[in-house]
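Here is a short briefing on one protein chain. Look at the structure first, then work through the points by topic.

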Amino acid sequence: MKAKWIILCIAVILIGFFITLTVKQLSTPHELNTNELELKIRDIYNAEVQTLVKEKEHFVASFNKDGSIFEVNVNAVTGQFTDLKLIHKNENKLAEEQTKPESPKENQAAENKPAAENATKPLLSKEQAVDIALKEVPGEVDSVELVKNAEGGIYFVEIEQEDDVTVQVHAITGEIIIIEFED
């Protein structure tokens, strides 16, 4: 009889141990790996990653976009982008675009396209972008600006708190790209 109780106690302890282990594994957040992060940067910025360094709980990534070099911090667990910085601006690309004459073929092709194709229209309205930003950063909205790019655009939502905060919201996906806290 005593042996049955000992076996029962050991079985309960083992079952409890396995349940605890399983719950811990399920509740532990998945940390981004470098491949996932490179894909995310490529999707959001349409840029090629140059360096990717893991520091404690975040990555520091530098990437090349149209010859300009940018650096961004990315939370390794949440994937949240913060502190986007322009490291080197490609002055040559800007000068080429300003001095490059438009060829007759390009001009004719632009005239033949319907107006809907020429203008990239975001799927999100300004109000939707503001709602998304305010869910992440509560406060009073100062301004909202849409900057169009090849991927549709980015809304810059400025929110007033103790410090001014700028939330960048992808105009198509609604994903928060960066939250910048200004001093």
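Among contacts between residues at least 6 apart in sequence, 31% join residues at least 24 apart. Keep in mind that this is a predicted model. The chain has 183 residues, and 26% of them are buried.

**Overall layout**

- The chain holds six helices and eight strands.
- The chain exposes about 12900 Å². Carbon and sulfur atoms supply 55% of that area.

- Six residues make a nonpolar surface patch: Ile6, Ile10, Leu14, Phe17, Phe18 and Leu21.
- The patch covers about 590 Å².
- Leu14, one of the patch residues, is found in helix 1, which spans residues 2-27.
- Is Leu14 buried, partly exposed or exposed? Its relative accessible area is 44%, so Leu14 counts as partly exposed. That class lies between the buried limit of under 20% and the exposed limit of over 50%.

- Strand 5 covers residues 140-147, and strand 6 covers residues 154-160.
- These two strands run antiparallel, and seven bridges join them.
- Within this pair, Ser143 stands opposite Glu158 in strand 6.
- The hairpin of strand 5 and strand 6 has six residues between the strands. Gly152 in this hairpin takes a positive phi near 115°.
- Strand 6 also pairs with strand 7, which covers residues 164-170. Seven bridges join strand 6 to strand 7, and the two run antiparallel.
- Ile154 stands opposite His170 in strand 7.
- How many residues lie between strand 6 and strand 7 in their hairpin? There are three.
- As a general rule, side chains in a regular strand alternate between the two faces of the sheet.

- Ser62 is found in strand 2, which spans residues 58-65.
- Its relative accessible area is 11%, so Ser62 counts as buried. The cut-off for buried is under 20%.
- Which residues does Ser62 touch, not counting residues up to four places away in sequence? They are Val49, Gln50, Thr51, Phe70 and Glu71.
- With Thr51, the side chain of Ser62 makes a polar contact, side chain to side chain, at 2.5 Å.

Technical notes:
Residues numbered from 1 in each chain as written. Predicted model: local features only at pLDDT ≥ 70, side-chain atom pairs only at ≥ 80, totals over all residues. Heavy atoms only, no water. Helix = DSSP H or I, 4+ residues; strand = E, 2+ residues; numbered from the N terminus. Buried < 20%, exposed > 50% of the residue type's maximum accessible area, 1.4 Å probe, protein only. Contact = heavy atoms within 4.5 Å. Areas by Shrake-Rupley, 256 points an atom, 1.4 Å probe, with all protein chains shown as cover. Patch = residues over 30% accessible without salt bridge, like charges linked within 9 Å, V, L, I, M, F, W, Y side chains within 5 Å. Salt bridge = Lys/Arg side-chain N within 4 Å of Asp/Glu carboxyl O. Pairing = 2+ DSSP bridges. Polar contact = N/O pair within 3.5 Å; in protein donor to acceptor, adjacent residues only side chain to side chain.
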